[in-house]
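Dear colleague,

I am handing over the structure below, and after it you will find my notes on what came out of the analysis. Please read them beside the coordinates.

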Amino acid sequence: MVNADLGGAAPSAVTADRARAASRLVDTGRGGAASYGVGRDRAEVASRVGESDRTGPASGGVNSDRAGAASGVVGTGRAGAVSRVGHVGHARGAPSVVDAVILERAAGVLRLVLDRTRGRAPADDPALVETVLDGTAPEAARLHAARRLGLDPTVPARALAPLNERPRVVPAGTEADTAGRLGVGPAVHVLELSRSWAEARTALRFTAEGTPQDPGPRVVYAEELGGIALLADLVAPGAEPPPDVRALETAAATTPWLPATLHAVASTASLRAAAAEINVHHSTLQDRLAHAEHLLGWPVRTPQGRLRLQLALAMRHLARP
């Protein structure tokens, strides 16, 4: 008996058509499906189809049945792909190894296509981050980039400026975690992230390493700087530092404890709190400050002197190359 769908072909012709049908099924995954071994196994599938004919029953009815099953699977590229593949097991009482191979490869192809067409881009995709931070880019492009990054346009976001790393964008309220220095821009609408990025870079200049020789915060939020941020326009990185900064650098070169001690005095509410900050006795701190005032040339224990010290420490960070 021969399959009417094959135009009355002889059994040998059925085998050839079945091999071609299996090959066409595998081709549905071409264009990236090689990772599933589809292209590599085309010849193997066709070969096993022919081997099954040689070793199996000689009945034309079996050949016809198998050819019909293979032709039914070929339609996997259409909307009814899954339902057609599902009928392979019903074409005969005992599915063959060929059926299992075809189903496995078809499932791999479908999985590959779904993986390529669903989901969103990585949250740190450099091209998308660059677009969303570019104030000159079209609004539609920035909104599209924001959505691809997983940002909700109705929720404010922040730009982050890590030292010597790529910029990042996070929703407002996300904790800024980093192992190094980081400037954090204000929370804004996604279309204003270019402003947040500019202020984040300014905030980065006010950060410090947090070491005894470079004391200060490693993470600085732009909105907490206030008017101090205006200093960034007056002190250019790598330029000749102001006189008070030169005095600080000269004193620190000969007195290792000076930077940490002066930072404690400038950033705490009282001298006792400053002494506790650097773990020294209150009288020891008084002796240190007397020596520091002699080296700097101005008092640091008066309100005016303390403000001058705070500005000098801030400008010291800004003057770094």
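I begin with Asn-164, which lies in the loop between β1 (157-162) and β2 (168-171); helices (H or I, at least four residues) and strands (E, at least two) are DSSP runs, numbered from the N terminus. Asn-164 has a positive phi of about 60 degrees although it is not a glycine, and with a relative accessible area of 75% it is exposed, where exposed means over 50%, buried under 20% and partly exposed in between (1.4 Å probe, protein chains only). Asn-279, in the loop between α13 and α14, likewise is not a glycine and has a positive phi of about 60 degrees, and its relative accessibility of 71% makes it exposed.

Some notes on the source are needed here: this is a predicted model, in which local features need pLDDT of at least 70 and side-chain atom pairs count only at pLDDT 80 or more, while totals for chains, interfaces and linings use all residues. Residues are numbered from 1 along each chain as its sequence is written, and side-chain values use heavy atoms, with hydrogens and water left out.

The protein chain holds 15 helices and four strands, and of its 321 residues 39% count as buried. Of the contacts (heavy atoms within 4.5 Å) in the protein chain with a separation of 6 or more, 60% are between residues 24 or more positions apart. The accessible surface, from the Shrake-Rupley method with a 1.4 Å probe, comes to about 17200 Å², and 56% of that belongs to carbon and sulfur atoms.

Helix α14 (residues 282-296) has 15 residues and reaches 21 Å from its first C-alpha to its last, close to the 21 Å expected at 1.5 Å a residue, the expected span being 1.5 Å times one less than the number of residues. Its buried residues are Leu-285, Leu-289, Ala-292, Glu-293 and Leu-296. Seen down the axis of α14, these fall within an arc of 100 degrees, so they line one face of the helix; the arc is that of the directions from the helix axis to the C-beta atoms. What covers them includes α11 (243-254), α12 (258-267) and α13 (271-277), whereas Asp-287 and His-294, on the other side of α14, are exposed. After α14 comes Gly-297, with a positive phi near 95 degrees.

In helix α8 (residues 139-148), the buried residues are Arg-142, Ala-145 and Ala-146. They too fall within an arc of 100 degrees seen down the axis of α8, so they line one face of the helix, and their cover includes α7 (126-133).

For the spaces, a 1 Å grid was laid over the protein atoms alone: a cavity is a set of points where a 1.4 Å probe fits but cannot get out, a pocket is an open set with protein on both sides within 12 Å along at least five of seven lines, and lining residues have an atom within 4 Å of a point. The largest pocket holds about 540 Å³ of space, and of the 20 residues that line it, the closest to its centre are Phe-206, Pro-217, Leu-225, Ile-228 and Ala-314. The largest share of this lining, seven residues, comes from α15.

With best wishes

Key
Points joined across faces, edges and corners; volume = space filled by probe spheres on them.
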